Amino acid sequence: MKEKFKIKGQLRTYMQWPLYLSALLIAANTVIGAASTKAGIIMAFFTLLYVGIAVWLYTYRRRLLMSGLVEFSAEYSWMQKQLLTDLELPYGMTDENGRILWGNTAFSEVLGEEKPLKVTRKNIMTIFPEITKEVLKLNEGTAVLHAECNERKYQIRLKAVYMKESPEVIVSSVGVEAAGQMLVAVYLFDETEILTYKQMVDDQKMVAGLIYLDNYDEALESVEEVRRSLLTALIDRKITKYITNMNGIVKKLEKDKYFIAIKQSYITELKENRFSILEEVKTVNIGNEMAVTLSIGLGMNGDSYYRNYEFARIAIDMALGRGGDQAVIKDGERIQYFGGKAQQVEKTTRVKARVKAHALRELMETKDRLLIMGHRLTDIDAFGAAIGIYRIATAMDKKAHVIINEVTTSVRPILDRFVGNPDYPEDLFLTGGKAAELVDANTLLVVVDVNRPSITDAPELLRLVKTIVVLDHHRQSSEIIDNAVLSYVEPYASSSCEMVAEVLQYIADGIKIKSAEADALYAGIVIDTNNFTNQTGVRTFEAAAFLRRNGADVVRVRKMFRDDLEDYKAKAEAVRDAEIFEGSFAISVCSSEGIGSPTVVGAQAANELLDIAGIKASVVMTDYNHAVYISARSIDEVNVQVMMEKLGGGGHRTIAGAQLAGVSIEEAKTRVKAVIKEMLEKGDIS
């Protein structure tokens with residue numbers, strides 16, 4: 001204890017000052033004695049008296065001073081400990097394993113104890129599961145997390161504390177044996193009320209929304225003229241009743257467009273019932289052959305009401321771009337999708353195709369060079385669409401190049417008809433790196449068969465080229481090419497080749513298509529529609545007929561895309577080994593060994609599995625290039641695009657895919673099954 005309370009530091013120096021002054025006084029006495037002996041003798045008497053008193057004080061009165069300091073320290077330590085114990089802020093100490101060593105009164109009350117905690121067997125991790133062993137490994141840092149205990153919400157701050165550096169009050173509280181160890185200080189800040197008030201403020205925020213009827217004109221045409229007003233009135237009533245039940249307002253903007261405003265507190269209810277209005281409006285039937293569907297776009301948590309309205313406009317555009325019959329919520333940067341179970345209705349009018357064709361022509365006339373790009377691992381649809389755009393460019397005397405970084409075996413047969421052909425320039429096909437060297441202010445980039453920048457064949461071109469055109473038939477996701485000056489995304493189309501075939505008919509008069517080009521476009525339609533059995537409409541056959549008139553040969557295309565024996569065996573194995581999950585989902589694995597384009601074979605196997613009775617959707621996985629490629633297909637009952645989006649992919653309502661990096665086939669299969677179960681539980685799959 002003596003060593004523990006040894007006087008040191010500034011206090012020790014202060015007590016030694018009389019000794020230092022004694023030396024000074026002796027020196028002064030010596031100087032005075034040299035000047036006057038009598039004066040020196042008199043001064044020596046007082047000097048000896050001062051030195052004696054100083055030595056006595058330092059030697060004998062020191063113990064009394066130390067005793068007083070100890071008494072003061074004890075009283076101060078007790079007061080400090082009492083203040084810490086009675087502190088209203090819950091505060092405790094744990095060891096590195098989470099065992100509670102000490103807690104003040106407020107901390108004990110949070111844990112349901114009546115008195116301040118001493119060393120106990122209780123573990124902080126059992127009380128707050130959010131605190132884990134990994135969190136407790138603070139070293140010299142801090143951690144902040146949020147948790148709930150006894151219906152109260154707390155912000156928990158954890159801080160590393162070393163006992164050798166801690167005040168005596170803490171050492172005496174948790175035990176001297178802990179000295180030198182790293183402990184964890186736990187601070188609990190009750191944030192229940194502030195979170196409650198924050199939630200109340202959030203609940204009162206306005207959510208702006210837009211409701212569009214997807215097929216208003218088509219539905220009206222399917223009923224008698226005298227009953228059309230009744231159909232419109234019933235739809236208005238359904239929408240108005242649905243919104244007013246949430247104390248919202250509805251304003252009809254046009255015959256098929258509505259503006260709505262509701263409180264944010266009702267969003268949870270809308271999510272829980274999966275926007276039941278989507279299904280309710282389909283029950284309106286007064287003899288109309290076609291069920292009415294609608295799309296909803298909601299914007300929330302913007303920095304102003306106008307911003308929320310802009311979010312709603314973006315959301316409704318995404319809902320329509322994904323095929324309609326669904327709700328999209330844009331919550332700041334976060335986007336959520338609901339619905340989308342109904343089959344899209346093909347638009348029979350070509351007005352949109354004509355308008356987009358004229359807009360594309362105006363853009364092309366202002367540029368000298370075109371770069372045409374599809375998605376990574378270019379397929380037949382992307383290749384055929386690119387060739388169609390190339391034909392438009394050459395007809396307008398523009399230099400054009402098609403970007404292909406990797407030629408797959410599925411594309412090789414049709415590509416060979418262009419390579420070495422004297423009708424086409426040697427630099428028709430370029431890699432992304434070569435194309436980047438050609439970019440200047442007069443370059444136009446046309447992106448076909450893809451609208452997600454991350455999976456384009458050369459994403460760097462999207463940053464280099466200022467004028468970008470997107471032409472795609474896949475439904476949009478939250479990741480889009482947002483700097484396109486012209487975007488033609490038509491999810492009703494069967495393929496990008498169908499869209500390009502229509503554009504070819506409107507963009508200019510007298511464009512002559514060569515047989516190789518017609519074959520490429522026709523092949524894209526055939527492959528994407530699985531021989532006109534999937535996502536095929538009237539305009540699909542009209543586009544095919546246009547290509548046939550321009551030299552496309554059905555037999556030549558069929559011969560060109562016959563399977564190799566190894567590919568056929570791999571596809572047959574995938575079909576044979578398919579697992580039927582939840583009674584109606586076929587899940588299988590396609591081998592990639594010895595296969596030139598295993599992803600294409602996997603997609604073909606997924607198509608084959610749909611021919612099995614009772615199968616609603618098929619999913620085939622292929623391990624290729626250190627990633628698992630997933631091909632998903634359905635006929636009409638399941639929206640596989642929503643399924644693949646949950647795995648980071650996307651696509652079309654009946655044709656979709658995803659890529660999972662860093663996982664095994666079994667892990668990918670487990671994730672696919674989990675997504676299917678989730679969709680079944682939420683009612684996304686009937």
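This is a predicted model: local features need pLDDT of at least 70, side-chain atom pairs count only at pLDDT 80 or more; totals for chains, interfaces and linings use all residues.

**Entry 1: the annotated site.** I began with the UniProt record, an unreviewed entry, whose "binding site" annotation covers His375, Asp379 and Asp449. UniProt positions are given in the numbering used here, feature names are shortened, and annotations may be inferred rather than shown by experiment. These residues span 75 residues in sequence, yet no two of their C-alpha atoms are more than 9.3 Å apart, so they gather at one spot.

Residues are numbered from 1 along each chain as its sequence is written, and side-chain values use heavy atoms, with hydrogens and water left out.

**Entry 2: aspartate 379.** I found aspartate 379 in the loop between strand 12 (369–373) and helix 15 (380–395). Helices (H or I, at least four residues) and strands (E, at least two) are DSSP runs, numbered from the N terminus. Aspartate 379 is partly exposed, with a relative accessible area of 24%; buried means under 20%, exposed over 50%, and partly exposed in between (1.4 Å probe, protein chains only). Leaving aside neighbours within four places in sequence, aspartate 379 is in contact (heavy atoms within 4.5 Å) with Val411 and Asp449.

Entry 3: Next I traced six strands that form an open sheet with mixed pairing, in the order 7-8-6-9-10-11; two strands pair if DSSP finds at least two bridges between them. Strand 7 (249–254) and strand 11 (334–339) stand at the edges with a single partner strand each, so one side of each has no neighbour in the sheet. Strand 6 (residues 206–213) and strand 8 (residues 257–263) pair in the antiparallel sense over seven bridges. I checked leucine 210 too, and its bridge partner in strand 8 is phenylalanine 259.

**Entry 4: helix 26.** I then moved on to helix 26 (residues 665–682), which has 18 residues. Which of its residues are buried? They are Ile665, Ala668, Lys669, Val672, Val675, Ile676 and Met679. Just after helix 26, glycine 683 takes a positive phi of about 85°.

Methods. The expected span of a helix is 1.5 Å times one less than its number of residues.
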